[in-house]
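Please look through the sequence and the structure shown below before reading on.

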Amino acid sequence: MNLKLAQIAGIVRYEFRLHWRGRILFVIMLAILVLSGVGYVMILGNADLPSPGLITSALLIIMLIFLLPVVVSDTIPKDRQLGVRELLDALPVTQGVYLLGKLLGGYGVTFSVLGLIVLPLGIFYGLSPETVSFPPYLEIWFAGAVALVIMNTGLGVLLPTAQPNRRRAIILMVAVLALSVVLSGRSFQGDNITTFLNPTRLPLIMYYLGDVAHAGSMEVTRFKPVDVWLSIGVGLIEIVIVGVAVWAWPRWRENRLLGKG
């Protein structure tokens, strides 16, 4: 047990260092902060809209849905491309330990980005002339954003597991998210099982942006807190199902090959 924990910890540290050395996370973090500041200034003082702090925070959650899963999509395929996977297969590292380490490493990276964003934005909003209600602001970040990171980062790490290289992993993740956007059209007018299964997580977005959409005369469903929790629950089940599938697939394939032999 101690050996497995040490192996998981080692994989997590490896992933954390590797992602931050690539500097793409730093670029994304800087872009999010700049866009947040620009968006805040543009809508500051507009009495027809809710608090600018809450709107920009909700918009940034949308960026978390579509950016971070793509960034972490090469977490596992890059090992196969660089030959690291073959080295690990020669070591006493089980498939479950490997996948769990990669998943936790992806979470560590994305949560570090989230933490480095939420603190300066909170200070910025606190010092701004516009009064910001911090309880809703904290709810967006520590409920909505955390849930989105867990669900969509998990999908970003696990879905491309079978891809042979980083390029195909990124293409797959972009295609999945693009298809999710196309299929989410009807979700604005109703809440059904496909709405909660969709990786765009519309119940979470529209729960915070619903007032803005209605102010713009859009016909959208008003999602309730129970819809948000249902979306989170379904998303977590998705992660478990995908995780079990990518864990079991190599074992099934190996057993089938041995059976044929």
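Which residues does N198 touch, not counting residues up to four places away in sequence? In this predicted model, N198 touches S180, L183 and S184 when residues up to four places away in sequence are left out.

**A loop between two helices**

N198 has its place in the loop between α10 and α11, and because its relative accessibility is 7%, under the 20% cut-off, N198 counts as buried. A polar atom of the N198 side chain lies 3.0 Å from the backbone oxygen of S180, while the side chains of N198 and T200 are joined by a polar contact of 2.8 Å. The loop between α10 (193-197) and α11 also holds R201, which counts as buried because its relative accessibility is 0%. The phi of R201 is near 55°, a positive value in a residue other than glycine. As background, most residues other than glycine have a negative phi.

S180, touched by N198, is one of the buried residues of α9, together with A169, M173 and L177. Seen down the axis of α9, these buried residues fall within an arc of 60°, so they line one face of the helix. On the face of α9 turned away from its buried side are the exposed residues R167, I171, V182 and L183. The N-terminal end of α9 is capped by N165, a side-chain oxygen of which lies 3.3 Å from the backbone nitrogen of R167.

After α1 comes R23, whose phi is positive, near 70°.

| Helix | Residues | Number of residues | Reach, first to last C-alpha | Expected reach |
|---|---|---|---|---|
| α1 | 2-21 | 20 residues | 29 Å | 28 Å |
| α9 | 166-183 | 18 residues | 26 Å | 26 Å |

In α1 the reach is close to the expected value, and the reach of α9 is likewise close to what is expected at 1.5 Å a residue.

**The chain and its cores**

The chain contains 12 helices and 0 strands, and of its 261 residues, 44% count as buried. The chain exposes about 13700 Å², of which carbon and sulfur atoms supply 69%. Among contacts between residues at least 6 apart in sequence, 77% join residues at least 24 apart.

In soluble globular proteins, nonpolar side chains tend to be buried together. Here, the largest nonpolar core has 30 residues, and those with the most contacts inside it are I117, W141 and L204. Several helices each supply at least two residues of this core, including α2 (24-43), α7 (95-127), α11 (202-215) and α12 (225-260), but α8 gives the most, with 7 residues.

Note on methods. Residues are numbered from 1 along each chain as its sequence is written. This is a predicted model: local features need pLDDT of at least 70, side-chain atom pairs count only at pLDDT 80 or more; totals for chains, interfaces and linings use all residues. Side-chain values use heavy atoms; hydrogens and water are left out. Helices (H or I, at least four residues) and strands (E, at least two) are DSSP runs, numbered from the N terminus. The expected span of a helix is 1.5 Å times one less than its number of residues. Buried means under 20% relative accessible area, exposed over 50%, partly exposed in between (1.4 Å probe, protein chains only). The arc is that of the directions from the helix axis to the C-beta atoms. A polar contact is a pair of N or O atoms within 3.5 Å; within protein, one must be able to donate a hydrogen and the other to accept it, and residues adjacent in sequence count only if both atoms are side-chain atoms. Contact means heavy atoms within 4.5 Å. Accessible areas come from the Shrake-Rupley method with a 1.4 Å probe; for residues, only the protein chains shown count as cover. A nonpolar core is a set of buried Ala, Val, Leu, Ile, Met, Phe, Trp, Tyr and Cys residues joined through side-chain atoms within 4.5 Å.
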